[in-house]
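Keep the viewer open as you read.

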Amino acid sequence: MRTMAEELNDVLTKHFQRIKVIFTGFFMEPFILYFVMLLIAYSNSDGINDFNGIIYLESTVVRYVSLGFIVFSVIEYYTIVVIMKKFSTMFGAFANVEEYISIYSRKIILLTSLSITPSILGFIFYISTGDIIVSTLFYLVALVSLFRVYPRYNIFRDLYIDLTKEDI
């Protein structure tokens with residue numbers, strides 16, 4: 001005979017796998033954009049010898065734009081940090097485990113959407129300025145943000161137990 005805890009673990013595990021698939025989809029986005037950026041950079045150069053000529057800043061306007069993008073990325077990262085600290089208090093009332101999973105999935109989608117914002121900014125920055133070095137920094141900020149919001153099963157399960165106050 002299965003206990004209530006075993007049944008709960010099975011339900012949470014099944015739904016958590018869906019959350020991991022969603023996260024994996026978001027995780028692929030910075031790599032795809034970075035690959036596209038490298039293809040554009042390589043196609044705009046005359047070969048691998050001229051590829052190094054693309055990676056320098058040409059004017060002060062570009063530097064100011066890059067500073068604005070970097071400040072925005074830092075604000076984005078610390079917004080994610082604050083949201084992650086307040087994550088457990090962001091849940092309203094829910095009736096059952098399916099509703100909890102729905103709310104948790106929406107929160108993870110919100111956080112991963114915020115996390116990939118620097119990679120999109122990096123791609124836009126590269127298209128507008130042609131600077132591959134600063135653009136690469138944006139992709140790194142996106143990856144750090146994604147690792148910050150990586151969904152963990154223990155946190156997922158413990159949060160459900162804490163919010164329901166059930167004796168499992």
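## H5 meets H6

On the H5 side, Pro118, Ser119, Gly122, Phe123, Phe125 and Tyr126 touch a set of H6 residues, namely Ile132, Val134, Ser135, Phe138, Tyr139, Val141 and Ala142. Sorted by class, the residues of this H5–H6 contact come out as 10 nonpolar, three polar and no charged. Please keep in mind that this is a predicted model.

How are the two helices laid out? Helix H5 covers residues 117–129 and helix H6 covers residues 132–148, and they pack at an angle of about 170° with their axes 7 Å apart. Angles over 145 degrees count as roughly antiparallel, so H5 is roughly antiparallel to H6.

## H6 against H1

H6 also packs against H1: here the axes come within 11 Å and cross at roughly 170°. H1 and H6 are therefore roughly antiparallel to each other.

Which residues make this contact? From H1 come Phe23, Phe26, Phe27, Pro30, Phe31, Leu33, Tyr34, Met37, Leu38 and Ala41. They meet Ile132, Ser135, Thr136, Tyr139, Ala142, Leu143, Leu146 and Phe147 of H6.

## H1 crosses H7

Helix H1 spans residues 4–44 and helix H7 spans residues 153–164; their axes lie 11 Å apart, at a packing angle of about 130°. That angle makes H1 and H7 oblique to each other, and H1 passes H7 in a right-handed crossing.

The H1 residues in this contact are Leu8, Asn9, Leu12, Thr13, Phe16 and Ile19, while H7 brings Tyr153, Phe156, Arg157 and Tyr160. By class, the H1–H7 contact holds seven nonpolar, two polar and one charged residue.

## The largest pocket

How much space does the largest pocket hold? About 150 Å³ lies inside it. Its lining is made up of Met84, Lys85, Phe87, Tyr104, Ile108, Arg148, Val149, Tyr150, Pro151, Arg152 and Ile155.

Helix H3 (60–85) and helix H4 (97–115) are the elements that give two or more residues to this lining. Eight of the lining residues are nonpolar and three are charged, with no polar ones.

Terms used: Residues numbered from 1 in each chain as written. Predicted model: local features only at pLDDT ≥ 70, side-chain atom pairs only at ≥ 80, totals over all residues. Heavy atoms only, no water. Axes fitted to C-alpha atoms, helices over the stretch in contact; angles between N-to-C directions. Helix = DSSP H or I, 4+ residues; strand = E, 2+ residues; numbered from the N terminus. Parallel < 35°, antiparallel > 145°, perpendicular 65-115°, else oblique. Left-handed = near helix turned anticlockwise from the far one by under 90°. Contact = heavy atoms within 4.5 Å. Nonpolar A, V, L, I, M, F, W, Y, C, P; charged D, E, K, R; others polar. 1 Å grid on protein atoms, 1.4 Å probe; cavity = no way out; pocket = protein on both sides within 12 Å on 5 of 7 lines; lining within 4 Å. Points joined across faces, edges and corners; volume = space filled by probe spheres on them.
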